[in-house]
Amino acid sequence: MRSLAFVLLPLTPLLACSAAVQPGSQLTPDGQTADAGGMQMAPPTFQLKFPIVDIGPGAEITYCHYFQTPNTGELVIQRWASHMMPGAHDLILYLTQNDLQTADMRPAGCTTLSNASSVVWTYAAQTPDAEAAMPGDDGSGNPIGQRVKARQSGFLQIHYLNTGSTVLHAQVDLGAYAYPDGAQVTLAAPFTTINLNISIMPGSQAQPATGMVNGSCSVPLDPTGKPLRFFGMTGHTYKQGVHTFVKDGVDMVFETRNWEVPGMYSWPVSPFYTFKSGTLFYQCEYSNPTDRTIKTGDNPAMYELCMTIGYFFPAPADGINPGAGHFCSNSVMLF
């Protein structure tokens, strides 16, 4: 394994002199990007360029890249965009209240589960080029965004996988695009569920063992007493996951049978989605073809996860962890 220290590239909002090249774009001479039609695109407000990691044939490993963002003032993010080179299978961006580790990269042993209620799922990608943009209108004319404080602590969890016969030199870039200073923005936050009770009995390739976990989480009202408005919902398991879904009573809110690319159900314009039952029910189903019991854990090569993540607004008032939103472990709402 070869690595280089990752680089934080601070860029002046909307006036930077360099840019990440987005999917389907080309770098123009003045450092801006242009889409296929030639339209100028603003560069990222800041960019995180993570190390090159050599992934040998057949290797599967997860690295945690800890960092602080380079911005010296608070930002409200409108869009995240990422690029993964071959060998990087998927990534999750978590923000944290404080540094969990010094700025560094570490194999496996991510602090996600041991600090589950204090890490904030913020962005995820399962394809080489991906992005997530917030809705441009909350229904009252204000755009929606995610807050990133000055020198924000966080880490990027990257799952590397090489199914080929040659070494892959994998690298990941992540760009953050902020609204202009002073913009009137409605803040969004994640609604995260996790089940820690996974235990899938051993099976075989010929006869995989099945397993399932689920939970019910109360969906609180916003500070004005109105239902939370959701603009996105997704799920997250590892490779034993065969079916994940979220229901609102009898209504299906999210469903996937593809653990690698779970997709996201989205409601990008008003009236967005509100939970009429007041309860979010989630379930993850598994098929275990291995000869060992599989339990909850951070390492995709050995363990499993059951998470669902919804993005909603308005964000609740600041608590211990600003921007943390709401978090439900098993069926207990922790905040």
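Keep in mind as you go that the model on your screen is a predicted one. Side chains of opposite charge can pair when their charged atoms come close, and the count of salt bridges here comes to seven.

Begin by selecting Arg79 and Glu131, whose side chains meet in a salt bridge with 2.8 Å from N to O. Arg79 belongs to strand β8 (residues 75-84) and Glu131 to strand β12 (residues 129-133), so this pair ties together parts that are 52 residues apart in sequence. If you then display the surface around Arg79, bear in mind that this residue has a relative accessibility of 12% and, being under 20%, counts as buried.

Next, select Lys276 and Asp251, which form a salt bridge whose closest N and O atoms are 3.8 Å apart. Because Lys276 sits in the loop between β24 (265-266) and β25 (279-288), while Asp251 is in strand β23 (residues 251-256), the pair ties together parts that are 25 residues apart in sequence. Lys276 is exposed, at 61% relative accessible area, whereas Asp251 is partly exposed, at 34%.

Glu255 is partly exposed, with a relative accessible area of 28%, while Arg257, at 60%, counts as exposed.

How values were computed:
Residues are numbered from 1 along each chain as its sequence is written. This is a predicted model: local features need pLDDT of at least 70, side-chain atom pairs count only at pLDDT 80 or more; totals for chains, interfaces and linings use all residues. Side-chain values use heavy atoms; hydrogens and water are left out. A salt bridge is a side-chain nitrogen of Lys or Arg within 4 Å of a carboxyl oxygen of Asp or Glu. Helices (H or I, at least four residues) and strands (E, at least two) are DSSP runs, numbered from the N terminus. Buried means under 20% relative accessible area, exposed over 50%, partly exposed in between (1.4 Å probe, protein chains only).
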